[in-house]
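I opened this notebook page to record a few look-ups in one structure. The entries follow in the order in which I made them.

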Amino acid sequence: MEAKSVLVLGPSGGIGGEMLRQLVAQGWRVRALKRGLGTASRLADGVEWVEGDALIAHDVRRASEGCAVIVHAVNPPGYRGWGQQVLPMIENTIAAAAAQGATVVLPGTVYNYGPDAFPVLHEDSLQRPLTRKGKIRVEMEQRLREASEQGMVRVIVVRAGDFFGPGARNNWLSQGMIRPGEVPAEVKLPGAPGVGHQYAYLPDVAATMIALLDKRDELPVFASYHMAGYWDHDGTGFGQAIQRVVAAHGAKLPKLKAFPWWLIRLAAPFNETLREMMEMRYLWLRAVRMENQKLRQVLGTEPHTPLETALTRTLGSLGCLPSGA
């Protein structure tokens, strides 16, 4: 087995796609599991794509053969089907990793925590979530921890703020704050006035995960780290940075407006994705911040792209900057 061999589950998502790009660039042998491939396997852009479904144990186990690492970046799309899909998928990953003696890498979430852990979250903060989705995430990590303590797998969890990045569309920036494909005339801010919020740039998150993978033999069997990312101290700073980037590229300064939670509340009874968004609103009503002291002790520093550079790349990839910018 090659030490730098990896299977990525969820390669079409934001973090999965970014992991693919960076792993290939750093010389890893990369395999990706994807439904609807149309062929058993194919090689493209340095990635071996294989047909399969993360919900089917045999598919995951077959795809993981010879891999030293499994990146578990797969989630049900649009928040749908969490109760039926999330835990079976992590069980399939654990079984496959145990068979290969592989390390599992998991992008963690803030959903694991309830307000009793706010405002600053540490790796050992109590996880007492209020939401159904949060409880599933806690159970997911608990199963990974138990597997690692039993000597079945090694685990790395990296927890960060709200994701954004080039091409990524399943996040608050591209689904709620702006509209992909057009230069924004307004930026909708989901947070309560004056409440801070934390964001994370996907390329920085992927770089952090890969840097930890390079040191995985030195880490605990269950290693969990928090990223600092970007801290918006009053809930307007991220929107103001978007304003500056858009204006710097020759467009009219977009207005900052409050996100229409009232509209989501009205439509939520008829749409599962909107119901899940409402359930997560508590994370926008209170300041929730993570510090990265433990991560810095291992890596020395956290990969960090300047915010306006990160937003320029992201907005450009989403078609939200003037043509030719």
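Which residue forms a salt bridge with Glu308, and how many Å apart are the closest N and O atoms? I worked with a predicted model, and in it I found Arg244 as the partner of Glu308, with the closest N and O atoms 2.5 Å apart. Glu308 lies in helix H12 and Arg244 in helix H7, so this pair ties together parts that are 64 residues apart in sequence. I noted Glu308 as partly exposed at 35% relative accessibility, and Arg244 as partly exposed at 41%.

Entry on the other salt bridges. My search of the whole structure returned 11 salt bridges. One of them joins Arg159 to Glu141, with the closest N and O atoms at 2.9 Å. Because Arg159 is in strand S8 and Glu141 in helix H4, the pair ties together parts that are 18 residues apart in sequence. Arg159 is buried, at 1% relative accessible area, and Glu141 is buried at 5%. I also recorded Arg128 with Asp116, the closest N and O atoms being 2.7 Å apart. Arg128 is partly exposed at 48%, as is Asp116 at 44%. Glu91, Glu139 and Arg143 form a linked network of salt bridges.

Entry on Tyr113. I located Tyr113 in the loop between strands S6 and S7. Tyr113 has 0% relative accessibility and therefore counts as buried. Leaving aside neighbours within four places in sequence, its contacts include Arg128, Arg159, His226 and Tyr282.

I found a nonpolar patch of about 350 Å², made by Trp262, Leu263 and Leu266. Leu263 belongs to helix H8 and is partly exposed at 43%.

Methods: Residues numbered from 1 in each chain as written. Predicted model: local features only at pLDDT ≥ 70, side-chain atom pairs only at ≥ 80, totals over all residues. Heavy atoms only, no water. Helix = DSSP H or I, 4+ residues; strand = E, 2+ residues; numbered from the N terminus. Buried < 20%, exposed > 50% of the residue type's maximum accessible area, 1.4 Å probe, protein only. Contact = heavy atoms within 4.5 Å. Patch = residues over 30% accessible without salt bridge, like charges linked within 9 Å, V, L, I, M, F, W, Y side chains within 5 Å. Areas by Shrake-Rupley, 256 points an atom, 1.4 Å probe, with all protein chains shown as cover. Salt bridge = Lys/Arg side-chain N within 4 Å of Asp/Glu carboxyl O.
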